[in-house]
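This report describes a protein structure for a reader who is new to the subject. Please keep the sequence and the structure in view while reading.

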Protein chains: 2
Amino acid sequence: MTAYKDFKPLTFHDSTKGFRDGNDSARAYLERCLETIAKREPVVKAFTAINEDGARTAADASSARWKAGKPLSPIDGMPVAIKDLLETKDMPTGMGCDAFKSNFPKRDNAAVWALRQAGAVILAKAVTAELGGSHPGATTNPFDATRTPGGSSSGSAAAVGANMVPAAIGTQVGGSIIRPAAYCGNYALKPTQGGINRGERQATSQSTHGPHANSLQDMWQVAIEIANRAGGDRGAVGLVGPSTLPAAAKPSRLVVLETEGWPEVDAATKAGFEAVLKQLAEAGVTLIRRKDHPWVEALEQSIANGRATCNGVTSWENRWYQRGIVDNNPEGVSARAKATLAKAEAMSTDDYRMALMARENAQRVHSTMAPLADAAITLACPGPAPVWSGDVPGQPLAARPTGDFVFNAPSSMLFAPVVTMPLMSVGGLPVGVQVMGQQHEDARMTGLARWMSETLKPVSA
Amino acid sequence: MTAYKDFKPLTFHDSTKGFRDGNDSARAYLERCLETIAKREPVVKAFTAINEDGARTAADASSARWKAGKPLSPIDGMPVAIKDLLETKDMPTGMGCDAFKSNFPKRDNAAVWALRQAGAVILAKAVTAELGGSHPGATTNPFDATRTPGGSSSGSAAAVGANMVPAAIGTQVGGSIIRPAAYCGNYALKPTQGGINRGERQATSQSTHGPHANSLQDMWQVAIEIANRAGGDRGAVGLVGPSTLPAAAKPSRLVVLETEGWPEVDAATKAGFEAVLKQLAEAGVTLIRRKDHPWVEALEQSIANGRATCNGVTSWENRWYQRGIVDNNPEGVSARAKATLAKAEAMSTDDYRMALMARENAQRVHSTMAPLADAAITLACPGPAPVWSGDVPGQPLAARPTGDFVFNAPSSMLFAPVVTMPLMSVGGLPVGVQVMGQQHEDARMTGLARWMSETLKPVSA
C-alpha cells in the first residue's frame, strides 16, 4: 500500500523522449509496470486478465518504431488496461458476471481497436462491477485496502492509482468513471455523450467510454487518439479537439454546483472543497452559487433527482438484455443485479418516458445557461472512498457498495463533459474535484482543468 | 403463385369478432396460415424457421382468452413472422449469414417480447438479406418467383404478400422495410427513428423496426402494441399515438418528391404515379413540386446523394462488428458483405463525420419546411421488383440484387416516418407509393395513408 501523501503518479507522456533517444524503451516501460503489478496486484486485485506475452510483443514493436523515429502516435507503447465490459480479441470479457465467466468473443471493441492502431499496448482487462452496475468485484482501493476503489470502473481506477498502468479505459452510465477516479486519485474524462465510439457497448442512452490516467496529458492523449481513429458513437460526430493537451485556460466565472449530494458531504470534505474555491476566488475567478443567480437554482432543481432519473433510464434500457441473461443462467447473476432488474420490470413505458422528459428538461436548462459561466465546478464524489467489507449474510444488501454516484448523475444525465482532478485529500485519501462544461466542450474542460491543476495548491482536509 | 390482380389480402383485425363469438378462433386462424404456408412456402421461401408447436400452444391460449372475453390486446392471436435479425427465445437467429448458422441465443428482442405480451403468436423467423445488407437469401417475390421480394426484410415482405401471415416485423437502415413492402404489395410503416425499441439491435444510428401487413389496421395495431409495452429506442420517447388505427385525414397540400431516383424510373411506373397524383389533384389536394417552391428544391438537393450518405454512415457504423465476424469466420461471410466492409475500412473518421453533417443538414432543411405541406409523397420503389437470377460465376457481383433503395434513402436519413401503400400495379406487379412526415408524425402519416387508401382507386400501368 502507498499512503496517498507519498503518491508519485506514474505518467507516460514524459517517457517517450527516452524511447526516441535510446535511454528508455517501451519494452522497459512495460517491464516496470509488470514489476509494480507483481508488487501491488495481490492486494489491489485490479485485473481479471493480464496478457504479458502479447504486451511484450506489442511493446517490442513499439520500441522499434520509436527507435526508428516512427511512432504511430504519442501513446505508442503506452500500457493500457481495458475495463472488462469491453471486448478484446486476446483476452476474455467477463463483465464481472458469473454468467459471462467463459465469454471470449475474440474481437476488439472499436476503442480497443483504435488504441492498438495508435500503438498502445493492451496489457490487461480491469475489474468491473457486475455488468457495469453496483455489485462489486474484488478490487480494493490502492490507498486503503479496506475501502472500495469505487465502481463500476473499479479496476481501471485502481490500476492507475496503484501505478500499475499510466492509463486505463473506463465506462460511465451514472458515475462509473468519475467516482472511482475521484476515489483513486486519477484524472479522468467522462466525455460528452457519444464522444468515443462504444463499439458493441451501445447498451444505454447515457453511457460513455473515457480514460483514467495519472496526468491530464495522458488522459487527453488517450481520448483524442481513440476519437481520431474510431470517432464517436453511431450518429455522433464524437470528440474533436487539439492533437495534444489543450492549453491551460483560466476561467472567468464558475458556477458552483451543490447537486442533491451536498447534504451528504462530511464536514472535512466540505471544508476542503471550500478551500479549493477560496483559492479560485483569490485568483480572481467569480464564483456563482445557487443563491447568486436564478439560473443556477433552476439547474440545481432540474438535477435534484438525478440519481433516480439515471437509475430509471438505465435500468429500463437494460431490462430486456438482463432478463435474457437471467433466464438463460439464473445462478449466474447476483441478487443485487436481480433486484435492479425487478425494479426495471415494475416500470411502465410511461415511467421511462417521464424519466426521459426530466432528463431532456434538465439538458435544456443547462444549455440555456451556457453564457452564464465558463463551466460548473463541484465535488466528484461525496468524500473519501467508503469502507467496504462485503455484504453481511442474512442482512439486506448494502445500498451502494462502490460508493454514491450522487455527484456524477448530473453530468451523466446532462450528456455533459467532465474532467475530475485529484485536487484534495481528506483524511489522507484522495477526493476529486470536477469541472463540467456544455456538450462538446471536452477540450475546453480539459484546458480549464489544466489551468486549475497547474495553479491551485492541493488541499488537505 | 398468385397473380397480383387476383390478390385478396389476408387481414387479422376483421377476424377477432369471430374469435369472441365462437365462429372462429385464433387456433383456426393459425391453421389457415399453416395451410397457406404448406402451399406457398416451397416456392416463396420466406422463412428460416417455423415454430408450429409453439405457435399452436400460443394460439390455443389466445383462443381461450378471446372466448373468455379477455384478450390481451387487439392483436391477441395474430400470427407474426419476425425478421431473422431479431432474437427470439424459441427459434435460432441466423441473420442470413453462414457465420451465424448455429446462433441460438434463446432470448427475445424487446419488440418480440412486447408482441408476446400482447398475445401475438410468434410463428416464424423470416429471411433477411445477409446481416441486413444486400446479399440476398432464398426468398422469391410472391407474385413472380423470378423476381426479388426486395430486401433486406425479404421474408417479412414476401410472407405477408403470400398471405402466409397477416403481419411481420422488418427492419430498415436504408430501405429494408419500405422497398420490399412496395415490391410485395404490403402496407408498411418505417417509423420515426427510435420509434420502436430495437432491443439488442442497436447497431446503427438510422435503423428502425417496423411492421409489414396486409392492412393499415393491422400495420398500426402491431406498431402501437409494441411501442406501448417496450417503448422506443434507448433515449427516445418512441412511437406515441391512438390505441387503434388513426382516423382518415385528407391532406390539403402534399410535396411531391422526385429524389435522386426519378431518372431511373421507367415510363410505365412514372405514368402510374402521375395517375395517382392526378386523382389527388382532382380530390382538391394541392401538389407542390420542386419547380413550385424553393424549399422543395432545397430538400431535393439535400437528399440528392441520399444513397451515398446512407451507405457511408451505415458501413462505417458496422465496420468493427463486421470485422469481428470476418476475423473469426472468414468463410462465413459473403464476398458482397466483405466488399462493403472493405469500403468502410477505407473511410476515415472525417469521411464519416462529413456523411453525418450531410444527414443533419438534410434533417434541418426538412424540419424547416414543415409548415409547407401535410406530408411528402413519392414512389416507394423505382418500379416493379426486378428479376433476380443470382450472381453469375466469374462475373462481378450484381450491384443491387434486392433492388434499389433510392426512394427509401431520404426518409432513412431524415429519420422521418413513412407509410407505404400498395396503390399501383405496373406490368401486373405491385409498386408502392409512400407518404413521409416530419419526425414523430407516424400517426398522422397513417391517417393520411388511410384517407388515400380509402379514397384513391388503385392504378394499373
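A salt bridge is a side-chain nitrogen of Lys or Arg within 4 Å of a carboxyl oxygen of Asp or Glu. The model discussed here is predicted: local features need pLDDT of at least 70, side-chain atom pairs count only at pLDDT 80 or more, and totals for chains, interfaces and linings use all residues. Residues are numbered from 1 along each chain as its sequence is written, chains are lettered from A and ligands numbered from 1 in the order in which they are written, and side-chain values use heavy atoms, with hydrogens and water left out.

**Salt bridges**

Over all chains, the whole structure holds 64 salt bridges. One pair joined in this way is Arg229(A) and Glu225(A), whose side chains meet at 2.7 Å, N to O. Helices (H or I, at least four residues) and strands (E, at least two) are DSSP runs, numbered from the N terminus. Because Arg229(A) and Glu225(A) are four residues apart in helix H7 of chain A, about one helical turn separates them.

**The interface of the two chains**

How many salt bridges are counted between chain A and chain B? The count is zero.

On the side of chain A that touches chain B, helices H4 (110-117), H7 (216-230), H10 (306-328) and H12 (349-368) of chain A each supply at least two residues. This side of chain A has 14 nonpolar, 11 polar and 10 charged residues. In this classification, Ala, Val, Leu, Ile, Met, Phe, Trp, Tyr, Cys and Pro count as nonpolar, Asp, Glu, Lys and Arg as charged, and the others, Gly among them, as polar.

Contact means heavy atoms within 4.5 Å, and 35 residues from chain A and 35 residues from chain B take part in it. Buried area is the accessible area (1.4 Å probe) that two parts lose on being put together, summed over both. Between chain A and chain B this area is about 2,600 Å², and carbon and sulfur atoms give 50% of it. Arg234(A), Trp320(A) and Arg353(A) supply 28% of the area that chain A buries against chain B, more than any other three residues.

Two packed helices are described by the angle between their axes and the distance between the axes. Axes are lines fitted to C-alpha atoms, for helices over the stretch in contact, and angles run from 0 to 180 degrees between N-to-C directions.

| Helix pair | Angle | Axis distance |
|---|---|---|
| H4(A) and H7(A) | roughly 105° | within 8 Å |
| H4(B) and H7(B) | about 105° | 8 Å |

H4(A) and H7(A) are therefore roughly perpendicular (65 to 115 degrees) to each other. In H4(A), the residues that meet H7(A) include Trp113(A) and Leu115(A), and their partners in H7(A) include Val222(A) and Arg229(A).

**Backbone features**

Most residues other than glycine have a negative phi, and most peptide bonds are trans. The peptide bond from Gly151(A) to Ser152(A) is cis, with omega near 10°. Ser152(A) is found in the loop between strand E3 (121-126) and helix H5 (154-161) of chain A. In chain B, the bond from Gly151(B) to Ser152(B) is cis, with omega near 5°. Asn163(A), although not a glycine, has a positive phi of about 60°.

Key
Angles under 35 degrees count as roughly parallel, over 145 as roughly antiparallel, 65 to 115 as roughly perpendicular and the rest as oblique.
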